Amino acid sequence: MTDRIRDFLRTRRPEGPCLVVDLDVVRGQYDQFARAMPDTRIFYAVKANPSPEILSLLTELGSCFDTASVAEIQMVLATGATADRISFGNTIKKERDIARAFQLGIRLYAVDCEAEVEKIARAAPGSKVFCRILSDGAGAEWPLSRKFGCDPEMAPRVLELAHRMGLEAYGVSFHVGSQQCNTEAWDSALASAAWIFREMTERGINLRMVNMGGGFPTKYLRQVPEVNAYGQSITSAVRKHFGNDLPETIIEPGRGMVGAAGIIKAEVVLISKKSDDDQVRWVYLDIGKFGGLAETMDESIRYPILTERDDAEKVPCVLAGPTCDSVDVMYEKVPYYLPVSLEIGDEVLIEGTGAYTTTYSAVAFNGFDPLKSYVI
Ligand SMILES: *Cc1c(COP(=O)(O)O)cnc(C)c1O
């Protein structure tokens, strides 16, 4: 909770559930990444929070951007950033979207198979491509599946095809899983990347870039390592696997850039028990899985929740959202402890919600408005 957010909520008293993002925190996070990895270019993962104010600030600070669609590319261009600061990092693109991106000036694309290389060779001739490799996501609280990336063994074939089709085989990318709390998690992927570089050199093609993805955490209930610890661990892993022939490097922080900058204000709608001897209380908020808290899926992300009664004894609660869908329950398998004196109508503050909330909220499920956002 920052003073600026506290003042904003006190003076503006916005109605209904809303996210408030403090740009000073985003600026601070950007500076930390820039200082921790001074030789690495930062590509903010736009999907984490595409608010125009955040994109404009990052453009001003010199950031580059990882985008996943033509709409995201246009949002970044609208801030005045030039196309050479944008990558089209989604491995799953329609050929006509690639053509549109090419028209807009984008020359850097992700691939993870030969069919995607063929699309880019046709729709974005001469562009740079990097090949994404699989990562098991071990240690991540929001692991990414086998959906993205190919086996490292396959990458040289994909990159060689790119080269033969007139593209620039530029490098390798991976993502170690989101909310990755193990600072060493980059090591084995960097070993694979270095192997691919050597394999390509033997084929007469010199790769230049390693894109080390996102994964940098936000502090929720548990402490997480400092950005600096990630910087040191990653820098030494790059040196260990590449020796003196260091590649250009990129990181793509999303959650780590904006997660801590946001707080959601919500309200207790109902507190009840299911029977006289029920051991847990049910606490229903005016926000849930469909209002922006989608990352509570499988109870993966556990947000810190502040109330005005946190001095009171805390009791186990099931925490649920306001909609008429039975999956709209945030925490049940592992109950959430909230003050025994909590009352209907109380305000609650959900911390660490600057990333992956606003864009996940439904447009009007059950008639509830999408999550409002104030960037200050
Ligand atoms: C989502 C995404 C990111 C951001 O991941 P975080 O864990 O939020 O930092 C980075 N790169 C790519 C390609 C992504 O899809």
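**Loops and ligand**

I found Arg13 in the loop between helix H1 (3-12) and strand S1 (18-21); helices (H or I, at least four residues) and strands (E, at least two) are DSSP runs, numbered from the N terminus. I noted that this is a predicted model, where local features need pLDDT of at least 70, side-chain atom pairs count only at pLDDT 80 or more, and totals for chains, interfaces and linings use all residues. Residues are numbered from 1 along each chain as its sequence is written, and side-chain values use heavy atoms, with hydrogens and water left out.

I read phi of Arg13 as near 40°, a positive value in a residue other than glycine. Arg13 counts as exposed because its relative accessibility is 55% (buried means under 20% relative accessible area, exposed over 50%, partly exposed in between; 1.4 Å probe, protein chains only).

I then looked up Tyr356, in the loop between strand S17 (347-351) and strand S18 (372-375). Tyr356 is not a glycine, yet has a positive phi of about 55°. Is Tyr356 buried or exposed? Tyr356 counts as buried, because its relative accessibility is 9%.

An N or O atom in the side chain of Tyr356 lies 2.6 Å from an oxygen atom of the ligand. A polar backbone atom of Gly254 is 2.9 Å from a ligand oxygen, and for a backbone N or O atom of Gly215 I noted 3.0 Å to an oxygen atom of the ligand.

Notes
Polar contact = N/O pair within 3.5 Å; in protein donor to acceptor, adjacent residues only side chain to side chain.
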